[in-house]
Amino acid sequence: MKQLLRVLEAATAALLGSPLHADDYPSKPITLVAIFGPGSASDIICRIIAQPLGIALKETVIVENRPGANGALAALYTARQPGDGYTLLLATNSPMSAAPFMMKNVSYDPVKDFTPITRVGSYTLMLVLNPSVPAKSVKELIEYAKANPGKLSFASANTSGIVAGETLKRWAEFDMLHVPYKSAPPALQDVLAGRVSMMFTDLTTGLPHVKSGALRALAVTRLHRSPLFPELPTLDEAGVTGFDMDSWAGIVAPAGTPPEVVAKLNRAVVDGFSSKEAREGLARLGAEPNFGTPESFGAMIAAEIPKWAETVRAAGVRLD
């Protein structure tokens, strides 16, 4: 019995005497979870971040795709992992701001169940059509939709795409079928093939097809034009007054991640993208780099929740 007590005391002392310190972290590979599938903007941005993050931390960063439920599956998976800094999520407004108001059974809290690391940036969506749709402008699209009720459809790959499509329908007072997908690449493939008429997609995945002429772009969703496609008007300029949808991305960890580990991760990401070349590389994918402190990112997530609640309500999106 005395020997057993000594063993228990030694084990307890070891546990109490070896907390997770930033100096010890990381000591094994880190997983960065992408909320959508391979080839999506989330996936590509994760892979861009993984390289400088791994170099800064001197450890391997593995990108793991967990698509489904507009990012909610990846968010729930991450929230259930230990708060030790070895599982991170590239979070966007899809699972963190919109999903709680678009889905009935979201089993995580966007604020309480995560520790913010840093914002990464913002990006815009653009409305693209299959060229078989005879519309060269948003005005012509609305006119065509009203003259051909029930003929058009739109694909979505995330909550931003859903809300953008439903907002356009509601504002212009026409109907079109919504066809949801788990990720942007398969959705785009069906738009390219003409099986679906249009979609709101990020520039990362959509712009190459627009440049090749396989798709026709009509407008972007933010109030200012994209520097990647400055000739493309905003929806507001195209007549959909006040249309402004800002999509964002950032890195979060499970709740309870130690502050010293959070600080080390934040510094590694920010330092990794401190050079002009690194930021320009991210910008070429359609993202506008915007890094900051964990505190500022946490405040932004909290502020985005009521904003998206109103956006979802105004779009008339029904809970799934």
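Predicted model: local features only at pLDDT ≥ 70, side-chain atom pairs only at ≥ 80, totals over all residues.
Residues are numbered from 1 along each chain as its sequence is written, and side-chain values use heavy atoms, without hydrogens or water. Local features need pLDDT of at least 70 and side-chain atom pairs count only at pLDDT 80 or more, whereas totals for chains, interfaces and linings use all residues. Helices (H or I, at least four residues) and strands (E, at least two) are DSSP runs, numbered from the N terminus.

The open sheet has six strands in the order S2-S1-S3-S10-S4-S11. Its pairing is mixed; two strands pair if DSSP finds at least two bridges between them. Strand S2 (61–65) and strand S11 (287–289) form the edges, and each pairs on one side only. Neighbouring strands of this sheet are turned by 30 degrees against each other on average, direction ignored. Within the sheet, strand S3 (residues 87–92) and strand S10 (residues 247–254) run antiparallel and are joined by four bridges. Leu90 faces Ile251 of S10 across this pairing. Helix H10 (residues 276–283) lies across strand S4 (114–123) and S11. H10 runs at about 155 degrees to S11. Axes here are lines fitted to C-alpha atoms, for helices over the stretch in contact, and angles run from 0 to 180 degrees between N-to-C directions.

Strand S5 (125–129) is mostly covered, with five of its five residues buried. Buried means under 20% relative accessible area, exposed over 50% and partly exposed in between (1.4 Å probe, protein chains only). Leu125, Leu127 and Leu129 point one way from S5, while Met126 and Val128 point the other way. S5 is joined to strand S8 by five bridges, and the two run antiparallel. S5 also pairs with strand S9 (residues 216–220) over four bridges, again in the antiparallel sense. Leu129 stands opposite Met198 in S8 and opposite Arg216 in S9.

Strand S6 is covered on both faces. Ser153 and Ala155 are buried on one side, and Phe154 and Ser156 on the other. S6 runs parallel to strand S7 (residues 177–180), with four bridges between them. In this pair, Ser156 stands opposite Pro180 of S7.

Helix H7 (residues 184–192) has Ala184, Ala187, Leu188, Asp190 and Val191 buried. These residues lie on the same side of H7 because they cover an arc of only 160 degrees around the axis. The arc is that of the directions from the helix axis to the C-beta atoms. Their cover includes S5, strand S6 (153–156), strand S8 (198–202) and helix H8 (203–212). Just after H7, Gly194 takes a positive phi of about 85 degrees.

A helix pair is described next. The axes of helix H2 (residues 41–57) and helix H9 (residues 259–272) come within 8 Å and cross at roughly 120 degrees. H2 and H9 are therefore oblique to each other; angles under 35 degrees count as roughly parallel, over 145 as roughly antiparallel, 65 to 115 as roughly perpendicular and the rest as oblique. On the H2 side, the contact (heavy atoms within 4.5 Å) is made by Pro52, Leu53, Ala56 and Leu57. H9 contributes Lys264, Leu265, Ala268, Val269 and Gly272.

Thr234 sits in the loop between S9 and S10. Thr234 is buried, with a relative accessible area of 0%. Leaving aside neighbours within four places in sequence, Thr234 is in contact with Ala219, Val220, Arg222, Leu223, His224 and Arg225.
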